[in-house]
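Here are my notes on the model you sent over. Have it open beside you while you read; the points go roughly from strands to domains to helices.

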Amino acid sequence: MNPHLRDVAIPNDWDRRGLPGWSYHSDALLELEKEHVFRNHWQIVGHVCDIPNAGDYLTMDVVGERALIVRGKDGVVRGFNNMCRHRGSRVVADSQGHCKNALVCPFHGWVYNLDGTLRGAARPRSFPDLDKTEFGLMPLDLEVWMGFIFIRFRNGGPQPPVAELMKPIEPEFAHYEAADMVPSWGIWNQKTPVNWKSVRDVDNEGYHVAMAHPALQDLYGATYFDEPFINGVSRSFATYNPHAGRRWSVKNYVKIAPEPTRLPDYLKKAWVYYGIFPNAVISVMPESVQFYQEFPLSTGETLLRGAIYRYRDESREQAAARYLSFRIDRDTMSEDVQLSVWSNESMLSEAFEGFYLSDLEYGVRTHHDHLRKMLPVLGLETAPEEKDMWNLNDALRSRS
Ligand code: FES
Ligand SMILES: [Fe+2]
């Protein structure tokens with residue numbers, strides 16, 4: 001079978017410059033990104049198996065917003081702002097945990113039911129007019145797709161429902177039966193000292209694999225190709241060489257990885273990466289499924305976050321293969337971090353004149369194009385005044 005899902009012709013003549021350098025260091029632009037890119041686009045919080053029981057919860061902070069995902073007594077997974085309606089405290093403080101019957105705010109003790117409704121205020125007689133129905137936790141848009149929990153801080157938004165967004169990859173991804181998986185080692189977080197777009201720029205192309213990722217090159221080298229972002233979703237595909245093995249982890253991985261019975265032939269040795277605009281990837285290997293994403297903490301600092309999931313009935317060989325693929329990935333990620341630092345810091349130099357992208361980096365361009373659509377101010381080569389950024393962007397948006 002042709003491993004291409006969508007044949008995309010790269011135009012002969014395209015603008016090979018990336019986003020302007022100033023956009024990686026502008027505080028005013030970051031405010032626009034929060035507004036038009038992060039709050040109103042779907043974000044992955046985790047997987048339903050991270051909160052298997054009633055009362056289990058996950059939290060996630062994104063650009064000043066705080067999400068709380070709780071499984072109710074009825075088994076339903078719901079999303080709320082992690083914000084007490086009394087004075088705004090976090091209702092739960094941990095990134096993951098379990099509460100028995102209710103969520104009790106740590107500030108003054110207001111109690112919420114697991115479905116987000118307010119059970120009661122502490123010392124209720126001090127609120128003679130409190131209408132409890134008015135003070136439930138504020139719900140977030142939430143959608144579960146193939147086991148992954150997506151939320152959106154702003155109701156509505158420029159993207160369609162997740163199920164529709166992911167339609168192009170759904171038939172392929174469905175083979176992995178991800179909804180039935182369980183956590184491997186939990187959700188991880190790591191800070192990196194670059195703009196979030198520099199992380200994404202490195203991840204959105206495979207041109208650098210041959211030079212920068214010796215283990216990946218050994219593993220799947222020449223088979224790798226990218227399909228750029230179309231309507232918010234990209235795909236990269238590679239199949240590993242069963243005879244690879246110059247590196248210890250690669251040699252053992254290809255030796256140990258068992259024949260995955262649930263996958264069709266063309267996926268049996270495939271590593272596939274599905275990019276989801278603006279900032280996430282779900283990737284599959286025959287023995288595991290994972291997600292990773294990045295959130296800006298400031299213009300020069302980014303939070304990387306992700307998790308790996310495994311089959312409930314995994315064999316010892318699958319477990320060993322999962323561990324080895326994790327090691328290959330871990331090395332790859334630290335190589336990528338270094339590359340993103342070097343690229344990002346160049347944008348503070350007067351000598352930086354923009355990117356000059358290869359046809360093999362067309363995915364970077366298409367991601368930038370998606371950003372330009374939300375933030376037309378990115379079309380300006382010279383940095384606007386920080387104080388003008390917001391109005392200028394609004395004016396350009398209303399023109400387009
Ligand atoms: S802020 Fe939650 S009870 Fe006061
Ligand atoms: Fe990379």
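1. Let's start with the hairpin: β17 and β18 form one, with two residues between them. β17 covers residues 288–298 and β18 covers residues 301–310. They pair in the antiparallel sense over ten bridges, and Val289 has Tyr309 in β18 as its bridge partner. Strands here are DSSP runs of E with at least two residues, helices are runs of H or I with at least four, and both are numbered from the N terminus. Two strands count as paired if DSSP finds at least two bridges between them.

2. Before going further, keep in mind that this is a predicted model: local features need pLDDT of at least 70, side-chain atom pairs count only at pLDDT 80 or more, and totals for chains, interfaces and linings use all residues. Residues are numbered from 1 along each chain as its sequence is written, while chains are lettered from A and ligands numbered from 1 in the order in which they are written.

3. β18 has other partners too. Strand β12 (residues 188–192) runs antiparallel to β18 and is joined to it by five bridges, with Asn189 bridging to Arg305. Strand β11 (residues 182–183) is also antiparallel to β18, through two bridges. Here Pro183 stands opposite Tyr309.

4. Now the domains. The domain assignment, which is automatic or from a database, gives domain 1 as 1–40 + 168–400 and domain 2 as 42–156. Their C-alpha centres lie 30 Å apart. The contact takes 19 residues from domain 1 and 16 residues from domain 2, where contact means C-beta atoms, placed from the backbone, within 7 Å.

5. Which element gives the most to the side of domain 1 that touches domain 2? That is β17, with four residues. The elements giving two or more residues to this side are α1 (27–38), β11, β16 (280–285), β17 and β18. By class, the side has 15 nonpolar, two polar and two charged residues. For the classes, Ala, Val, Leu, Ile, Met, Phe, Trp, Tyr, Cys and Pro count as nonpolar, Asp, Glu, Lys and Arg as charged, and the others, Gly among them, as polar.

6. There is also an open sheet of three strands, in the order β1-β10-β9, with antiparallel pairing. β1 (43–47) and β9 (141–145) are at the edges with a single partner strand each, so one side of each has no neighbour in the sheet. The twist averages 25° from one strand to the next. β9 pairs with β10 (residues 148–152) over five bridges, and Glu143 has Phe150 as its bridge partner.

7. On to a helix pair. The axes of α7 (residues 248–256) and α8 (residues 316–346) come within 9 Å and cross at roughly 150°. That makes the two roughly antiparallel, a label for angles over 145 degrees. Axes are lines fitted to C-alpha atoms, for helices over the stretch in contact, with angles from 0 to 180 degrees between N-to-C directions. Residues in the contact include Tyr253 and Ile256 of α7 and Leu324 and Ile328 of α8. The contact residues divide into seven nonpolar, three polar and two charged.

8. Two backbone spots to check. A cis peptide bond joins Phe277 and Pro278, with omega about 5°, and Pro278 lies in the loop between β15 (270–276) and β16. Val63 has a positive phi, near 40°, and sits in the loop between β2 (56–62) and β3 (65–71). Most residues other than glycine have a negative phi, and most peptide bonds are trans.

Key. Parallel < 35°, antiparallel > 145°, perpendicular 65-115°, else oblique. Contact = placed C-beta atoms within 7 Å.
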